[in-house]
Amino acid sequence: MTDTERTARTGVPDRPTLDGIEDTWARRWQEEGTYAFDRSKERSDVYAIDTPPPTVSGELHMGHVFSYTHTDTVARFQRMRGRTVFYPMGWDDNGLPTERRVQNVYGVRCDPELPYDPVWRPPATPVTDEARKNPTPISRRNFIELCERLTVADEQVFETLWRRLGLSVDWSLTYTTIGRVARATSQRAFLRNVARGEAYQAEAPTLWDVGFGTAVAQAELEDRERPGAFHTLRFTGAGGRELLIDTTRPELLPACVALVHHPDDERYADLAGTTARSALFGVEVPVYAHPLADPGKGTGLVMVCTFGDLNDVTWWRELRLATRVVIGRDGRLLPEAPAGVPAEPYAALAGQTVNGARREIVGMLADAGDLIGEPRPITHPVKFYERGDRPLEIVSTRQWYLRNGGRDQGLREELLARGRELRWVPEHMRHRYEHWVGGLTGDWLVSRQRYFGVPVPVWYRLDDAGEPDFTQPLTPDESALPVDPSTDPAPGYDESHRGRPGGFVGDPDVLDTWATSSLSPQIVGGWETDPDLYRRVFPMDLRPQGHDIIRTWLFSTIVRSHLEHGVLPWRDAELSGWILDPDRKKMSKSKGNVVTPLALLEQHGSDAVRYWAASGKPGMDLAYDPAQIKIGRRLATKLLNASKFALNLGAGDALRAPATEPLDRAMLAELSTVVAAATTAFEGYDHTAALQATEAFFWRFCDDYIELVKERAYGSGAGADSARAALATALSVQLRLFAPVLPFVTEEVWSWWRYGSVHRAPWPTTYEVGRAIEGEGDPELLRLAGDALSQVRRAKSERKLSMRAEVPLAEALGPAAVLEKLTSISDDLRAAGRIGKLDLLPDRTTELVIASAF
């Protein structure tokens with residue numbers, strides 16, 4: 001039995017209301033499977049959406065409502081166009097945001113050295129700030145159980161809000177990025193990357209977030225303006241020459257391995273190939289010329305340290321410099337001086353924080369006479385992890401990387417070509433993708449030193465001394481996935497061999513959250529687990545997402561699909577802009593200007609909020625505007641009332657009857673142009689243009705057409721039949737045109753007089769509207785009649801008369817051709833304007849003028 005057969009008419013209520021319809025229809029849609037995906041359809045009949053899995057470690061905000069409403073209008077349009085829509089929902093619940101939320105909610109921290117405590121329970125009441133500052137250490141397994149517990153609760157809250165918003169998701173197609181399917185998919189793809197040589201391990205300088213204690217990828221960086229200071233340090237060159245260095249990181253002086261200058265900087269042309277001695281420590285370092293040095297910055301002579309910034313990494317790699325690491329993973333200076341650095345001056349810095357070491361060394365330099373002048377305050381960009389609150393450091397660590405074209409020009413060109421295959425909405429967003437791919441400086445760092453994530457599925461043999469052999473990692477068979485090397489023994493071993501010489505050790509890291517999210521099409525599409533489903537949905541049709549994660553989610557998904565399948569993962573990408581506050585500043589939690597949607601949905605109704613969201617075009621930022629939401633509420637209310645009025649005139653029984661009268665045919669002819677415009681707009685992912693065309697016609701339909709024909713529709717005979725037939729067709733078509741944006745009110749009205757769901761009804765066509773017109777229709781007649789009626793109304797308003805006041809005589813002046821058209825609709829005009837007598841006076845004016853006499 002189909003959804004259409006199940007849902008019966010409800011009849012027109014005496015007092016229609018928007019209140020409560022969200023709960024009613026959300027429940028009915030779920031019960032009746034209105035949005036269920038039909039797995040029997042072939043790929044050509046499927047429209048598959050790679051829905052963004054929102055991060056569930058916080059609250060949904062208006063930006064979510066904005067972008068997900070856009071996607072939902074696409075899903076609803078495609079469903080009405082006859083496609084079976086594959087519209088899943090995922091929850092992005094692994095990674096750092098969830099861990100931080102668990103730490104804050106429960107006042108705990110993960111200590112992987114602790115044993116699992118099966119009877120440990122989290123605090124039952126909200127924890128205090130003191131508990132958050134001094135968190136309780138718990139085992140990794142206990143910590144992961146807390147993460148799982150909290151995310152389940154968060155997911156339920158998110159799903160409730162999405163249903164309230166009216167997303168036409170098939171809720172049986174739900175996944176989590178930490179669920180069993182996602183873990184197995186992510187590990188399978190990673191192991192295949194390893195087998196093909198696309199994933200590899202390397203000991204290398206790594207961007208490191210001290211607060212989270214993990215490596216960070218290039219795509220997760222952001223620059224933040226921070227106060228700092230230039231310090232001028234004295235180095236000593238050959239022959240005792242004074243060499244001045246400007247630096248913002250004097251605490252890295254013991255990590256200095258070279259000085260560099262630009263090859264064209266004549267001040268230092270004679271230094272290349274010489275050496276210099278560092279201030280305070282007296283360590284001899286080479287001097288090189290390198291084009292990356294900026295002669296206009298500071299003194300033009302740069303101190304290269306391992307590692308202060310990404311330029312240091314470049315110089316270290318290209319010039320094959322020594323390594324003197326002084327900052328540890330905890331953000332403190334290491335307890336021992338690097339090789340070749342005197343221990344005595346370094347001892348004062350050992351164990352200090354970066355800021356503490358900076359203050360200490362500045363004092364030491366001043367006392368030694370190696371600090372020239374006073375520090376000069378500046379404001380400069382500093383690298384941060386996008387979710388972090390402490391500046392990044394660069395430390396040397398062993399990590400897993402995935403090739404992404406950053407060091408392979410051939411792969412880079414292939415990924416750029418994939419970007420050109422993709423249909424971008426809007427098109428100019430492609431340039432952001434190309435800029436990102438073209439600017440990559442290294443491969444994708446995919447391992448993270450955290451706990452709640454997809455484990456890196458490898459183990460390492462331990463030699464007789466208990467040292468791991470990283471050159472030949474042990475990997476599981478795909479049939480065993482998912483695995484957790486921290487609790488599962490390596491293939492060929494049992495748990496008693498863990499950590500013992502000659503035994504094994506599991507890789508302690510997890511995969512970057514993007515390494516899982518980048519496989520969202522494969523996870524939800526049943527890659528390698530449900531081949532029948534996979535062939536029906538992959539590659540998918542649409543990737544909707546924010547423009548700010550082109551460099552992360554969109555690019556990484558293309559990388560994974562290209563490496564594994566040799567194709568794009570989807571045909572089209574629709575990009576959303578940002579939500580701005582009323583002052584047109586980007587909404588963000590850090591700025592305290594975020595608006596959460598639940599109260600707005602409850603106050604104004606979901607359709608009103610969706611109307612506001614749909615007023616923003618793809619790729620364009622939109623300001624939060626309560627006034628626009630109120631307009632949406634007014635539109636939904638008018639749709640209720642106008643529909644009730646038309647159906648009470650008898651329109652419900654006149655569907656598919658022909659419209660014979662000139663004004664009725666004119667209205668439908670104009671409606672046909674609206675159908676064409678809205679269809680073209682939706683096909684181009686321009687929901688805003690579709691809504692604008694539909695709404696403009698709807699208000700003309702209510703304010704002009706209904707007023708013009710209601711007297712005739714109340715009557716009997718051919719004229720009345722024509723009016724009711726036109727009203728029926730117009731109402732049916734407009735409900736379907738509005739349905740993608742206003743799903744609740746359109747479903748409510750549809751249920752009064754039609755069977756089934758409006759969201760399963762076919763999208764209107766110009767052929768359908770044209771079939772309801774007997775003969776030809778002239779859209780100009782409706783505009784002409786509306787103009788004439790508005791002039792009569794204006795005359796009454798100027799005299800402060802009721803719109804029901806009689807007009808004994810009205811004179812119509814204008815070109816003869818215009819008045820000839822007016823003649824064909826004069827009866828409707830006289831009835832609507834309550835005009836006793838209408839005289840036509842041709843060629844008295846160049847435009848239509850209605851002069852009313854009272």
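A nonpolar core is a set of buried Ala, Val, Leu, Ile, Met, Phe, Trp, Tyr and Cys residues that are joined through side-chain atoms within 4.5 Å. In this predicted model, the largest such core holds 85 residues. The members that touch the most others are Met667, Leu668, Phe701, Tyr705, Leu727 and Leu822. The greatest contribution to this core comes from helix H21, spanning residues 687–714, which supplies twelve residues. For Phe701, the contacts beyond its neighbours within four places in sequence are Met667, Ile706, Leu727, Ala730 and Gln734. Another core, of 66 residues, lies apart from the largest one. Ile138, Phe143, Tyr175 and Ile558 are among the residues of this other core.

Strand pairing was examined for E27, which covers residues 807–814. Strand E27 pairs with strand E28 (residues 835–842) in the parallel sense, over seven bridges. Within this pairing, Leu813 has Leu841 of E28 as its bridge partner. Strand E27 is also joined to strand E29 (residues 849–853), here in an antiparallel arrangement with five bridges. Ala810 is bridged to Ser852 in E29.

Val157 was considered separately. This residue is part of helix H6, which runs over residues 140–165. The relative accessibility of Val157 is 54%, so the residue counts as exposed, the cut-off for that class being over 50%. Between Val157 and Ala515 there is a separation of 358 residues in sequence, and their C-alpha atoms are 26 Å apart in space.

Methods: Residues numbered from 1 in each chain as written. Predicted model: local features only at pLDDT ≥ 70, side-chain atom pairs only at ≥ 80, totals over all residues. Heavy atoms only, no water. Helix = DSSP H or I, 4+ residues; strand = E, 2+ residues; numbered from the N terminus. Buried < 20%, exposed > 50% of the residue type's maximum accessible area, 1.4 Å probe, protein only. Contact = heavy atoms within 4.5 Å. Pairing = 2+ DSSP bridges.
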